[in-house]
Amino acid sequence: MARVTTSDTVADPDRRQSGGDQEGLPPWQTRLRRFGYAARPRPGVRDRLEPPFPKPDPRLPAVFGLAPGTAAKLLRWSAWGGPLLIALVAGVLRFWQLGSPHAVIFDETYYAKDAWSLWQYGYEGTWPEKANEKILADPQHIPLSPEGSYVVHPPVGKWIIGAGEWLFGLDPFGWRFMTAVLGTLSVLMLCRIGRRLFRSTALGCLAGGLMAVDGLHFVMSRTALLDLVLMFWVLAAFGCLLVDRDKTRERLARSLPPLDEDGRTGELRPDAWTGARLGLGWRPWRIAAGLCLGLGFATKWNGLYVLAAFGVLTVLWDMGARRTAGAARPFRAMLRKDALPAFVSLPVVALVTYVASWSGWFATSGGYFRDWAAKEGAAGPWGWLPGPLRSLWHYESEVYDFHVGLTSHHTYQSNPWSWLVLGRPVSYFYESPKAGSDGCADREGCAREVLALGTPVLWWAACVALLYVVYRWLFRRDWRAGAILCGIAAGYLPWFMYQERTIFLFYAVVFLPFLCLALAMAAGALAGPPGVGDRRRTTGVVAVGVLGLLIVWNFVYFWPIYTGQTIPMDEWRRRMWFDTWI
């Protein structure tokens, strides 16, 4: 059967330095032994620093009559072949009729036009009323003027959307092209990230496959909004930090002495000096993570919360690695050796990236508030700062006031408490074609909608999986569960501070990849750990397969309202499972 893993083989529990018995058990486990408690086998230091991929299960190749050599080649191929195949399917789905609806839907009215302006002037110009109709008309007229326009989001996401417009023109396909590309690449990244996180190609591909058939990710990949772009950079940063974690722990492992004198067993012995004093050297993957987090922050400001959360996560990983390597005071060792490099690699690199993302605004003179420092802001205590930086700071302070004060009612706004259960999805586009028009063949009329709704079965199953992940983190100290929860918390919990603000369910796409990882982790536990019996494994895999098929069916069922297909009104009503979806 397909090889999957649970945390029993790859978890990285923190090593106790005091208390407990000679096996290193904490005191509470030692006391429980009198009641028959038996601790699980602890992996050695090498396996905790460098958790290996489990050996392939010979039972599945034997079922298909494959020779061991052929099976080994297929296993090596699947490490990239499986993720690429899933990404290919995701890309075909996302690029299918990408220009439909041929309309400016929802907030595309802001970002598509601002993106075009950035590529023309380097800053956001001004558009007149009814500009959308002129853009979509045949022949097209683009009524853009160079007067600076007040916008409330940083420029990176719009630069990326504008790249598609530069390639294909200012039309629906052009302004949706890059989000479709990033949506497809994010599926590929999640497959590989899941593989590295779980040490299982099957679970990695499952996580990526789940996101490929999620309705919210699908709709956001086909819409020129900023949140999908932010999600891409957040996921890329998480992947970079994960690679950095593996690389630094490998360096620690190479520096530790062997447990036995001749080193034949391959096991390592903790060493206090190595754990506390060894420098971890040049860490390009963490710098890359800082760059990605800066690009995320320069797409939407809520990326700043992810930057803070991931910064804490990476230094906690360093502390855990040093504890495993033998440091007697791992927290102090982390502060001494890792905290400052982490600060430079993440917040400092991210800040420099953010400021650099405004290069078009700096290089020109027409942007909104561009000359504020030379006019209204000429006097003040910050006069020693360069004028463009003071102008940008003033601009950003005005934008912050706008964001925190945005409380105007919107039909599709929702409270973050309802996001995980899909309480109030957002309708991006809706029409009611009459019989005989726009492909409507039903005499009672039809509906045509693009609804930003996650695949319900996937999201509801992920709610249950989250409970399992919380259990793994709290009671089994599974670092993978902690990493998943960190990604969800960073993208989700900050919105609870702004419940009076006008916010929407589609903001949840930022932490969607981590929901898919949580569901894949729970699926791995359901399928059973390595070495489990045939009956247990078969039952678990069948259960996971049934759940997967239900999710795919659910995605197919809602396909017409994800893609704006014209369907009879009765068919549309059947898909409105709750009144809050209308």
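Guide: Setting aside residues up to four places away in sequence, I105 touches R176, T223, Y428 and F429. The model we are looking at is predicted.

Visitor: What makes these count as touching I105?

Guide: Contact means heavy atoms within 4.5 Å. R176, T223, Y428 and F429 are in contact with I105. The C-alpha atoms of I105 and Y428 are separated by 5.6 Å, while the two residues are 323 apart along the chain.

Visitor: Where does I105 lie, and why is I105 called buried?

Guide: I105 is in the loop between α5 and α6. The cut-off for buried is under 20% relative accessible area. I105 has 1% relative accessibility, so I105 counts as buried.

Visitor: How far is I105 from G528?

Guide: Their C-alpha atoms are separated by 45 Å, and the two residues are 423 apart along the chain. G528 sits in the loop between α22 (512-527) and α23 (534-557). G528 has a relative accessible area of 0% and is therefore buried.

Visitor: Which residues have the most contacts inside the largest nonpolar core?

Guide: They are F310, Y428, I484 and F506, in a core of 140 residues. Helix α12 (residues 227-255) gives the largest share of this core, 14 residues. As for F506, leaving aside its neighbours within four places in sequence, its contacts are F106, L216, M220, L225, D227, V426 and Y428. There is also a second, separate core of 10 residues, including A253, L256, L268 and A325.

Visitor: How do you know whether α5 and α10 are parallel or antiparallel?

Guide: Helix α5 (residues 68-95) and helix α10 (residues 201-212) pack at an angle of about 5°, and their axes are 10 Å apart. Angles under 35 degrees count as roughly parallel. That is why α5 is described as roughly parallel to α10. On the α5 side the contact is made by S78, A79, G82, P83, I86, A90, L93 and R94. On the α10 side the contact is made by T201, C205, G208, G209, M211 and A212. These residues divide into 8 nonpolar, 5 polar and 1 charged.

Visitor: What makes C440 and C446 a disulfide?

Guide: The cut-off is a pair of cysteine sulfur atoms within 2.5 Å. From S to S, C440 and C446 are 2.1 Å apart, and a disulfide joins them. A search of the whole structure finds 1 disulfide.

Visitor: Why is the disulfide of C440 and C446 called right-handed?

Guide: The torsion about its S-S bond is about 80°, so the disulfide of C440 and C446 is right-handed. C440 is buried, because its relative accessible area is 5%. C446, with 2%, is buried too.

Visitor: What about C463: buried, partly exposed or exposed?

Guide: Buried means under 20% and exposed means over 50%, with partly exposed in between. C463 has 24% relative accessibility, so C463 counts as partly exposed. The sulfur of C463 is 12 Å from the closest cysteine sulfur, in C516, and therefore too far for a bond.

Visitor: Is R199 buried or exposed, and what is its phi?

Guide: R199 has a relative accessible area of 10%, so R199 is buried. Its phi is near 55°, a positive value in a residue other than glycine. R199 lies in the loop between α9 (172-198) and α10.

Visitor: Which peptide bond has omega of about 0°, and which has omega near 10°?

Guide: Most peptide bonds are trans. The bond that joins S100 and P101 is cis, with omega of about 0°. The bond from D138 to P139 is cis, with omega near 10°. P101 is in the loop between α5 and α6 (108-121), and P139 is in the loop between α7 (131-136) and α8 (156-168).

Terms used: Residues numbered from 1 in each chain as written. Predicted model: local features only at pLDDT ≥ 70, side-chain atom pairs only at ≥ 80, totals over all residues. Heavy atoms only, no water. Axes fitted to C-alpha atoms, helices over the stretch in contact; angles between N-to-C directions. Helix = DSSP H or I, 4+ residues; strand = E, 2+ residues; numbered from the N terminus. Parallel < 35°, antiparallel > 145°, perpendicular 65-115°, else oblique. Nonpolar A, V, L, I, M, F, W, Y, C, P; charged D, E, K, R; others polar. Core = buried A, V, L, I, M, F, W, Y, C linked by side-chain atoms within 4.5 Å. Buried < 20%, exposed > 50% of the residue type's maximum accessible area, 1.4 Å probe, protein only.
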